[in-house]
Each structure stands twice: as C-alpha cells, then as structure tokens.
Amino acid sequence: MARPRRIVLVRHGESEGNADDSVYEREPDHALRLTGKGCRQAEHTGTRLRELFGRERVSVYVSPYRRAHETLRAFALDPELVRVREEPRLREQDWGNWQDREDVRLQKAYRDAYGHFFYRFAQGESGADVYDRVSAFLESLHRSFGEPGAPENVLLVTHGLTMRLFCMRWFHWTVAEFESLSNPGNGETRVLELGPDDRYTLDRPFERWRVPEPYGPTG
C-alpha cells in the first residue's frame, strides 16, 4: 500500500460566524461565507500549500460547508494536479439548526463545565459524535491509499474541532489530551508527515490551554 507523503489539515478562513455570532440567528451554519479577512487568510495559506506540494498530486477532501469550499477555491491549486471530493463526515460539529445566540452562549458555558468531548448540544452533536464520524472517514481514507495511482498528498479542508479530533483518532490521544488542546486559528494548517520509519508525525502541536487531567494511566 502506497501511503501518502503527507496529510495536510486546514481550517477554513474566518467566516461570517467567526466575525459576528449573531449571524447564526439568520443564516444556517453550513451557508456562512468567508469574510474579506477569511479570503485573505485562505489565499495566504494557498501560497504556502502550492510551495509545499510543488508539482505533486493531491487528493482533496473538503467539508460540504460553503466556507470550506470558498477556502479551497482561494488556494488556487492546479486543477490538473488535484482530485477533489466533498466529504460530509468532515463537516463542522452540529449545534442545532437555527441557533439562538444567548442559548448557544449558555450551552457553551455548560460545555466548558461538562467537557468538550462529551457535552452534546441540544438538537446537535457532542465531540464524541464527531469523533465517531471522523473515525468512519479514516477507515475510508485508509482504503483509498490502496487505490492505483493514489496521490502523494492528502489535503483535508475542514473545521477546527474536526482537525483536533482527526489527530486524536490518528495518534490515539486520550480524551484528557483532547480536552487540553485549543483549536487552530482560521486558515491554519497541521501536517502529518511520513517518516523513514513509516510513521507519521505532526509538524507542530496544537496549543494547550491547560495540563491534561487523565482519569487513569493511559496515553
């Protein structure tokens, strides 16, 4: 099985919801666009990605959310070198459909107290739910490595929480470790690089906002 040289995770650029959370009361989350700042962030990331990939082929999986598609478009990757697939399992954590801003703020406070992995938003998902669908996607991704002519690179254009959960699943991090990590910034990347020992390492860690507090001797 030919494993890709690198797996690149990218968070979308700044969205309308990142800039003003009142927009969730008027627009569905999946339909939110990038802001002007978000477009510039994505263009800057695209410059670095084109330098990273060079003339190598790239298998792209993109969240179905508009802001993820707009981010990918801003990368301006050579269409002759990329294969793009929309992947619903890489979508943002569902927080319910039409969101009441004050209710969401209250639920975020509950989540901070209860734990980001286990707390389930009313009519939405928990981090554990997202972990399960990311795990299912990983099984499909591993199968794709065996396809004839599989590209040397994989690019996932997704969301901050999904990026952390992908790495949690890939590297077998504990829930306590996940809970200690912050989301990457808009337009930020993390790269899983294949080493000579046939193992992947992360090019840089996620920032920690606290020391992990495991229940037992795991991890």
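Asp198 lies in the loop between β5 (189-194) and β6 (200-202). Helices here are DSSP runs of H or I with at least four residues, strands are runs of E with at least two, and both are numbered from the N terminus. The model is predicted, with pLDDT of at least 70 needed for local features and 80 or more for side-chain atom pairs, whereas totals for chains, interfaces and linings use all residues. Residues are numbered from 1 along each chain as its sequence is written, and side-chain values use heavy atoms, without hydrogens or water.

The phi of Asp198 is positive, near 65 degrees, in a residue other than glycine. Most residues other than glycine have a negative phi. Asp198 is partly exposed, with a relative accessible area of 43%. Buried denotes under 20% relative accessible area, exposed over 50%, and partly exposed the range in between, for a 1.4 Å probe and protein chains only. Ala76 is likewise not a glycine, and its phi is positive at about 55 degrees. Ala76 sits in the loop between α3 (66-75) and β3 (82-86). Its relative accessible area is 48%, so Ala76 is partly exposed.

The buried residues of α3 are Arg67, Ala68, Glu70, Thr71, Leu72, Ala74 and Phe75. Their cover includes β1, α2 (36-53), β2 (58-62), β3 and β4.

The largest nonpolar core has 26 residues. Such a core is a set of buried Ala, Val, Leu, Ile, Met, Phe, Trp, Tyr and Cys residues joined through side-chain atoms within 4.5 Å. Ile7, Leu9, Leu141, Leu156, Phe166, Trp170 and Leu192 touch the most other members. Two or more residues come from each of β1 (6-11), α5 (127-144), β4 (153-158) and α6 (160-171). The largest share, seven residues, is that of α6. A second, separate core holds 16 residues, among them Ala42, Leu49, Ala68 and Leu77.

Trp170 is in contact (heavy atoms within 4.5 Å) with Arg3, Ile7, Leu138, His142, Phe145, Leu192 and Tyr200, leaving aside neighbours within four places in sequence.

Asn153 is found in strand β4. Its relative accessible area is 0%, so Asn153 is buried. The side chain of Asn153 makes a polar contact with the side chain of Arg6 at 2.7 Å. A polar contact is a pair of N or O atoms within 3.5 Å; within protein, one must be able to donate a hydrogen and the other to accept it, and residues adjacent in sequence count only if both atoms are side-chain atoms. With neighbours within four places in sequence left aside, Asn153 is in contact with Pro4, Arg6, Phe53, Glu56, Arg57, Val58 and Ser59.

On a 1 Å grid over the protein atoms alone, a cavity is a set of points where a 1.4 Å probe fits but cannot get out, a pocket is an open set with protein on both sides within 12 Å along at least five of seven lines, and lining residues have an atom within 4 Å of a point. Grid points are joined across faces, edges and corners, and a volume is the space filled by probe spheres set on the points.

The largest pocket contains about 470 Å³ of space. Its lining has 24 residues, of which Arg11, Asn18, Glu92, Trp95 and Lys108 lie nearest the centre. At least two lining residues come from each of α1 (16-19), α4 (101-114) and α6. The most, five residues, come from α4. By class, the lining has four nonpolar, nine polar and 11 charged residues. Ala, Val, Leu, Ile, Met, Phe, Trp, Tyr, Cys and Pro count as nonpolar, Asp, Glu, Lys and Arg as charged, and the others, Gly among them, as polar.

The second largest pocket has a volume of about 360 Å³. Of its 18 lining residues, Val175, Glu179, Arg210, Glu213 and Tyr215 lie nearest the centre. Helices α4 and α7 (175-179) each supply at least two. Here α4 gives the most, with four residues. The lining divides into eight nonpolar, five polar and five charged residues.

One cavity of 30 Å³ or more is present. The largest cavity has a volume of about 60 Å³. Ala2, Pro4, Ser59, Tyr61, Arg83, Ser144, Phe145, Ala150, Pro151 and Val154 line the largest cavity. Seven of these residues are nonpolar, two polar and one charged.
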